[in-house]
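Dear colleague,

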Amino acid sequence: MTALPDLSAAPVGEGVELAVQVEGLTKRYGDLFAVRDLALSVPRGAIFGLIGPNGAGKSTTFLVLASLLAPTAGRVRVAGHDPVENPRAVRATLGYMPDVMGVYDNLRVDEYLEFFAGAYRLPRSSWPGLIDGLLELVDLAGKRRTMVDSLSRGMKQRLSLARALVHDPEVLVLDEPASGLDPRARVELRELLVQLRDMGKTVVISSHILAELEEMCTEVAILEAGRLLAVGSPRSIGDQLGGARAVRVRLAGGEVQEHTVGSEEEQQALLARLVAEGLPVVEFTETSNGLEDLFLRVTKGVVQ
Amino acid sequence: MRLRGRPLNPVLAREVKERMRTRRTTIVVTVYLAVLALILQVVYSGMSGAQDAFGDSLATQSARLGRSLFETLLFFMLVLVCFIVPGGTADAVSGERERQTLVPLQVSLLSPRSILAGKLLSSVAFVFLLVLATLPLLGVSFVLGGVSVGDLARGVAAVLATGLVLACLALGCSSLARRTQGAMILAYGLTLFLALGTAMIYGAQHVLDDTGRRPNKAVLTLNPFFATADATGRATFDGFFGRFSTSSPFDPLRLLLVPEDQRFFGGFVEEEFRGQPMPMPMPMPVDGEAVEFFEEGDGGAFGVLPDGRPIPPEDAGGGIPFWARSVVVLGWIAGAAFLLATRRLRTPSDRAAVG
């Protein structure tokens, strides 16, 4: 097996403003390294996906970003603030959504958000407008007076996202927000995250559902056993890996051809050749699993 | 809800809202009042039918009954607070962990101190609600007499202070334990130690010490029942000197607080007699020892101890009342427990946050 190229140091363009910067982050519990020498740079306005099997160190990294966990070594900056030295400043600029959303038994949806508006010291006069806007954004306006514990899982996830947005943070850190959601709720969540990116938020997200990350992430980082294996846009990682791409071509009349190409340029050349040959191409699709395929090629199955 | 232009602690507002919406609160308040009403009925029936041993006037008998009802209610209020507060507070932090709601709180702009202060105030507010709910029952003793507004204020303050101390301890337990069950066991264990364990240690000292010295009462300063007995107490056996006596559950505690050499007739030296002329010289045996009174040059009589020292103007303790010492000791312990909980909730921490 040939060695993979070093994909863990994707270049960041000069002058790019960083929302999150992680340098040499290490977190260990006794002899166990949860994260080892991790380096990440998340540009402002990006949707950055953190991918890895269970135990890869994604949640640990998020806890450090959210100023809940002190790193063993390394330096972290969130919107320019150090979570260890100035956790309060980080909390004012970061919205964190943990992988499991707990609920209070006897609060309504609007009261739940009011509580967190108070917890973020927002002026009370701003609460009604803020809560209206947030409920509208996460499509829960019709559930305003519903008790939180009676919401479906998808609704709770959306409410949790609204909670993370209550103080209008610059950076959103979302740990497995799509976990346990049905397909429809996942699509809604994805649309919501794209909407947030369009609003100028930086989103750092982890998920097991790689197809979704592929569609919305501008960059991804692949972790395994606490180590960063690859970072960059899904396409650039694929290109660096130099793996073959499967292309499915359907011709008029129903004939289907399967081709294999090595890069995006070869893919373009194939299409040009088929058209030049006068073949009636009606569909030209890359059929590799994309991010999922990359993930399987990059990781070695060290942790599960 | 706002307080002097500042929003109310959001944790307090939420806790109160949540607590008042649960059926459990209704049940607890109902059972609490039912138990106290039953006790009131039993004491009232028992005492109002009893023969007056001293031939006191109706007003004195009524006052004695009023005083007994008040002190009995106060005693059982404390007992019920000891049952209710640890159980209601021990889930403050561990419950948030279990419900997975602690992390969103910790990443907000609320400091650990604000979070815990909200929890603590919520518990104390519930004790306050219980006290308010008891006022109609306490009002019966007012009608009968023998209880002043000051007595009531001291009693209510003692119950609230006990609730505050127990809530702080339960908060500390809740921050230490990973599960609410463990926090409950720890909180009730500590409460049991304060309420009974301290008295048992004092008793054991008394039994085991064969030097003849009086046991050290320091351990009793940890006991909120003794502190309340002292703060709300007055001489309760004094039929000889024309004072009314009561049958209060606090009486045995007060008896223990007064040094043996200051007791006589099973009762107490009245405040005005400490170091002052007594109305008549007479020997008074106490537990085999003799307390003598002798004539001074000016014709007055002074209370003296067997070794010739006059009875001191205050209980042993350098002039600081027992209840005040108890407030300091219990306040320190409560503060330490609160501080411990604050430290346990501080982030970023070295261990992964759970919940």
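This is a predicted model: local features need pLDDT of at least 70, side-chain atom pairs count only at pLDDT 80 or more; totals for chains, interfaces and linings use all residues.

Chain A has 304 residues, of which 40% count as buried, and its secondary structure comes to 10 helices and 12 strands. Its C-alpha atoms fill a box of roughly 70 × 50 × 40 Å along the principal axes. Among the contacts in chain A with a separation of 6 or more, 69% are made by residues 24 or more positions apart.

One sheet of chain A is open and has six strands, which follow the order S5-S6-S7-S3-S8-S9 with mixed pairing. Its edges are formed by strand S5 (94-97) and strand S9 (227-232) of chain A, each of which pairs on one side only. On average, and with direction ignored, neighbouring strands of this sheet are turned by 15° against each other.

Helix H6 (residues 183-198) of chain A lies across strand S3 (47-51), strand S6 (171-175) and strand S7 (202-206) of that chain, and it runs at about 150° to S7(A). Helix H10 (residues 291-298) of chain A also packs on the sheet, where it touches S3, S8 and S9 of chain A, and its direction makes about 35° with that of S8(A).

Another open sheet of chain A has three strands in the order S11-S10-S12, with antiparallel pairing. Strand S11 (256-261) and strand S12 (281-286) of chain A each have a single partner strand, so one side of each is left without a neighbour in the sheet. The neighbouring strands here are turned by 20° against each other on average, direction ignored. Strand S10 (residues 245-251) of chain A pairs with S12(A) over five bridges in the antiparallel sense, and within this pair Arg248(A) stands opposite Thr285(A).

As for the contact between the chains, 31 residues of chain A are in contact with 25 residues of chain B. On the side of chain A that touches chain B, helix H1 (58-65), helix H2 (87-93) and helix H3 (109-119) of chain A each supply at least two residues, and H3(A) gives the most, with five residues. By class, this side of chain A has 19 nonpolar, five polar and seven charged residues.

The largest nonpolar core has 150 residues, and those with the most contacts inside it are Ala162(A), Val173(A), Val81(B), Cys168(B) and Leu171(B). Leaving aside neighbours within four places in sequence, Leu171(B) is in contact with several residues of chain B, including Thr89(B), Leu116(B), Leu120(B) and Phe338(B).

Finally, helix H2 (residues 23-48) of chain B has 26 residues and reaches 37 Å from its first C-alpha to its last, close to the 38 Å expected at 1.5 Å a residue. The buried residues of H2(B) are Val28(B), Tyr32(B), Leu36(B), Ile39(B) and Val43(B), and what covers them includes helix H3 (58-89) and helix H6 (112-144) of chain B.

With kind regards

Note on methods. Residues are numbered from 1 along each chain as its sequence is written. Chains are lettered from A and ligands numbered from 1 in the order in which they are written. Two strands pair if DSSP finds at least two bridges between them. Helices (H or I, at least four residues) and strands (E, at least two) are DSSP runs, numbered from the N terminus. Axes are lines fitted to C-alpha atoms, for helices over the stretch in contact, and angles run from 0 to 180 degrees between N-to-C directions. Two residues are in contact if their C-beta atoms, placed from the backbone, lie within 7 Å. Ala, Val, Leu, Ile, Met, Phe, Trp, Tyr, Cys and Pro count as nonpolar, Asp, Glu, Lys and Arg as charged, and the others, Gly among them, as polar. A nonpolar core is a set of buried Ala, Val, Leu, Ile, Met, Phe, Trp, Tyr and Cys residues joined through C-beta atoms within 7 Å. A residue is buried if 20 or more other C-beta atoms lie within 10 Å of its own, exposed if 12 or fewer, and partly exposed in between; C-beta atoms are placed from the backbone. The expected span of a helix is 1.5 Å times one less than its number of residues.
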